[in-house]
Structures are given as structure tokens and as C-alpha cells.
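My first entry comes after the model itself.

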Amino acid sequence: MHFNLTEEQLAVKEAARDFAQNVLKPGVIERDIHMHYPTDEVRQMAELGFLGMMVDPQYGGGGMDTISYVVAMEEISKVDNSCSVIMSVNNSLVCWGLAEFGTEDQKQKYLTKLATGEWIGAFCLSEPEAGSDATSQRTTAVDMGDHYVLNGTKNWITNGGTSKVHLVIAQTNPELGHRGINAFIVETDWEGVTVSAKEDKLGIRSSDTHTILYNDVKVPKENRIGEDGFGFKFAMKVLSGGRIGIAAQALGIASGAYELSVNYAQERSAFGKPISQHQAIAFKIADMACDIEAARMLVYRSAWLKDQGQNYDQASSMAKLMASSVAMKHTVEAVQVHGGYGFVKEYHVERLMRDAKITQIYEGTSEVQKIVISRNIFKGKQLYL
Ligand code: CAA
């Protein structure tokens, strides 16, 4: 066992850090205030290969491992979490889902464009009345022989307005419960797809979050993903990997707030010495460092398990639960370290504190992660760590 990143992983980390600090940071406060979608920045992420990192190069991806993806997510999330959620959804939910479960035709037609970032994708599972209780899908897809007719409403969809492709989860046979659910590839310019206004959010404000309405949308049969009835398991499998991406985002938020706090504590003086030399501040920094490092171990381990082809359902839930809790706790502490400066936008930590909250909610709330973890324990799947 060793804990070092490989040369390739270090190079990815360096490239992501350079991009985040030099390209994303200068405009991040303005984009956040005005909810401006980062169009140019997303284009540059595509050029750098950050939007299809784990996809096989034959489909336009980077062919990298999950750890490389995690370290890139971490660096970008230290600065701009609107960009990192766009990146996470496209990589882990959309590209990975198609790469793993799509047909060759689906990969040629959709994955090649999504992995290069020419197109952006969205994952449409949540509904007004089906958030944590994801089996209660009200969106329906009626089988008409050579196509399905899709009707329903999806909520809080990241990349909702900017995506060219939606992966939509819908009920095709209510009598079968979760076994009657399917997943479909839907192009957003098809008749009957309506994108409602952009949500005005607490954090990740420049990311593109919308409610989507599907009204009699004709979906060709070849756009169903997997066997009939595979949709719920598809969503669960995709989300297991997605949670690694969001855990990495949370880790980046915590690390970003930590780095800012360490620097600030050495620059700012009070009572005749830098505040880093006051135990009240130094101990906060020590607590941050320990908790972040512990979270990092869980996040990297879940990515490593995925790369090893081992089960990572419990590990990714643990990583997300822990990293999001550390992000929330220590961004609040980072604001405290910065005092009055922490409360104003210019110093970045208040934005990271607002961004941290969503990591405890999306891709499964912290409570959902505890359901997944405890069920894995008591089913004996992951009894011993
Ligand atoms: N892999 C494969 N199959 C799985 C699975 C997994 N990881 N997890 C569950 N399943 C299977 C189960 O085995 C079961 O199948 P069988 O009956 O054939 O055995 C089936 O799925 C149903 O599982 P459960 O009985 O456990 O289902 P449940 O109703 O009790 O719900 C839950 C479990 C974990 C709470 C689940 O509903 C869940 O994860 N909810 C949260 C949904 C979520 O994360 N939403 C996020 C929205 S996406 C988003 O946020 C993206 C964004 O834009 C940022």
C-alpha cells in the first residue's frame, strides 16, 4: 500500500490547479453574484479534457482513472463549484453511464460528443415529489411499439438549460414498481421538451439549474438504456460513481477554505502577532487539516476501489457523507478565521460556505448516504472495512 499520486495523476492535479487559480478565480465572484453561466470557462474545460476524463479515447475521452478525475475535481472545486458541478454531472453521471451501459450506436452518436465537451449532458431523476424516494417516479414513458411517449416534470436539473442531451428516468410499468422504471436518452431540441427559468440558488449560483417539462416527447426505442426495466438500477449505479465526484467537490471546497485560512492567518495580525500564533486560530487550522485529510482518505479510497473494479457503493456514500460534513463545518470555521473579511465576497470563503451546503443535499442527501451505508453493513456486503 502507498499513498502517493502517480506522475500522471500529479500532472492532472497541477493542470487543474493552474486552470482553477488562473482562469476560474478572476471572474468567479462576478459570475456568482450575477448567476452568469461560465460559457467560456466550460469551453476551456472541454479543451483541457476535463469533461470526459474517464471515457475511453476511442469515444473522445481522456482514458484516465477515477483518482485523476477526483484530484482534478478537488482543485477546480477549491475555486469554482459551478464549474465543478457541471464537470461532475457530465463526467460521472452522463458520460460514465453511457460508457458503461450504452449500446455501441448510443456511444457513437452521443458519448463521442459528450466526452469531448462539444455537448453537455444532464441527469434527470429528481421530481417535485421524488427526491430521496427515487423509486416514486411520476414521469411516465408509454411504450408505443417503435418509440415511447414521455410525459412528466423533473426538478433541480444541473445543466438543464445548457445541455444537448438528457438522461431521463421514467416509469414505464407502474405495476412493477422500481423494476418498471427505464432510462432514456432525450435530445433537448426534440418537440415537447421545455426548460423553465433558471433557479436562483444559495450556492453554485452560476451553474445552470432548471425544472424541465416533458410533454408528449417521442423517444425512439433505441434511446432506451439497457434492458427493459433496468432504469432504476442504472440510476443507482450511476449515482454510486457520481457520489465520488461530489465527495471530491466537497473535499475541494474544504481544502480551498483551508488554504485561504492558512494564508490569511499568517498575514493578519492582532494583539501584536500574526493570528496564526494565537492558539484559538492555530487549533482551528489543526482541526481543519486533520478532518480534511481524513475525508481525503475516504474520497481517494472510493475512487481507488472503483478503479480496481471492486464494489464502491458503501465507500462512495461514506466519502460523500464525510467530505460534505467536513466542507460544511470548516467553511463556517474559515469564515470565522477571516473575521469581518470572511463575511464579504472579496475573500472567497463566504462563497465556499454557501457552496458547501449543496454537497450535503444533491446526488443523495446525507441521510440517504446513511441509508446506503447501513443497508450495506446489515446485508453483510460491507460488514468489515
Ligand atoms: N446498484 C445496483 N442496484 C441497486 C443499487 C446499486 N447501487 N442500489 C439499489 N439497487 C437496487 C436494489 O438491489 C433493488 O433491486 P432488487 O429489488 O431487484 O433487489 C432496487 O435497486 C431498489 O433498491 P432499494 O429497495 O434499496 O430502494 P429504496 O426505494 O429503498 O431506495 C435509496 C434506496 C438509496 C434511498 C435510493 O432511492 C436513493 O439513492 N435515493 C436518492 C436519489 C438521489 O441520489 N438523487 C439525486 C438526484 S441526481 C442529482 O442530484 C444530480 C445533479 O444534478 C447534481
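The entries below go through the cavities and their linings.

Entry on the model. I note at the start that I am working with a predicted model, and that I looked up its cavities of 30 Å³ or more, of which the structure holds three.

Entry on the largest cavity. I read off a volume of about 50 Å³ for the largest cavity, and I then listed its lining, which consists of Val28, Arg31, Asp32, Val79, Asp80, Asn81, Ser82, Ile204, Ser206, Arg351 and Asp355. Looking for the elements that give two or more residues to this lining, I found helix 1 (7-34), helix 4 (81-101) and helix 9 (349-359). I also checked which element gives the most to the lining of the largest cavity, and it is helix 1, with three residues. Sorting the lining of the largest cavity by class, I get five charged residues, three polar ones and three nonpolar ones.

Entry on the second largest cavity. Here I found about 40 Å³ of space, and the residues that line the second largest cavity are Met54, Thr66, Tyr69, Ser92, Trp96, Gly241, Ile244 and Lys306. I looked up where these come from, and at least two residues of the lining are supplied by each of helix 3 (66-77), helix 4 and helix 6 (231-267). In terms of domains, I see that domain 1 (7-120) and domain 3 (233-378) each provide at least three residues of the lining of the second largest cavity. By class, I recorded one charged, three polar and four nonpolar residues in the lining of the second largest cavity.

Key. Residues are numbered from 1 along each chain as its sequence is written. This is a predicted model: local features need pLDDT of at least 70, side-chain atom pairs count only at pLDDT 80 or more; totals for chains, interfaces and linings use all residues. Side-chain values use heavy atoms; hydrogens and water are left out. On a 1 Å grid over the protein atoms alone, a cavity is a set of points where a 1.4 Å probe fits but cannot get out, and a pocket is an open set with protein on both sides within 12 Å along at least five of seven lines; lining residues have an atom within 4 Å of a point. Grid points are joined across faces, edges and corners, and a volume is the space filled by probe spheres set on the points. Helices (H or I, at least four residues) and strands (E, at least two) are DSSP runs, numbered from the N terminus. Ala, Val, Leu, Ile, Met, Phe, Trp, Tyr, Cys and Pro count as nonpolar, Asp, Glu, Lys and Arg as charged, and the others, Gly among them, as polar. Domain bounds come from an automatic or database domain assignment.
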